[in-house]
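User: Could we go through the charged contacts in this one together? I'll ask as we go.
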Amino acid sequence: MPLKIRLSRGGAKKRPFYRLVIADSRMPRDGRFIERIGTFDPLKSKDDATRLTVEIEKAQAWIAKGAQPTDRVARLLESVGVGKREARNNPEKAKPKKKAQERAAAAAAAAASAAETASE
């Protein structure tokens, strides 16, 4: 059973409130979960102590059992000292796509032909 440590959304419209839960990865976001280990209130200020509450021992125990935190939860857990999140890097994402590369090649060819005619 692949376990995830994920955020389960609660709260009213435009007033989010999240619970950190241990759930089967096949369950829906707000569906059935195994255990609740904390809460996260993104509307509170970042220096507020009650913005993120986590039962650290339970989180460490579930990670030891093989539960994988989602990206956002890994970032939150790292802020309270549970686990280390590896930095993500995708250098391919910043490269121009096919159409932009074609435009750049056409512009370079036009500039080269313009420079050629100016030198004559």
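User: How many salt bridges does the structure hold?
Analyst: The structure holds six salt bridges, a salt bridge being a side-chain nitrogen of Lys or Arg within 4 Å of a carboxyl oxygen of Asp or Glu. This is a predicted model, in which local features need pLDDT of at least 70 and side-chain atom pairs count only at pLDDT 80 or more, while totals for chains, interfaces and linings use all residues. Residues are numbered from 1 along each chain as its sequence is written, and side-chain values use heavy atoms, with hydrogens and water left out.
User: Which residue does aspartate 24 pair with?
Analyst: Aspartate 24 pairs with arginine 26, and their closest N and O atoms are 2.8 Å apart.
User: And is aspartate 24 buried or exposed?
Analyst: Aspartate 24 is buried at 9% relative accessibility, whereas arginine 26 is exposed at 61%; buried means under 20% relative accessible area, exposed over 50% and partly exposed in between, with a 1.4 Å probe and protein chains only.
User: Switching topic, what does lysine 58 meet in a salt bridge?
Analyst: Lysine 58 meets glutamate 35, at 3.0 Å from N to O. Because lysine 58 lies in helix α1 (residues 56-65) and glutamate 35 in strand β3 (residues 35-40), the pair ties together parts that are 23 residues apart in sequence; helices (H or I, at least four residues) and strands (E, at least two) are DSSP runs, numbered from the N terminus.
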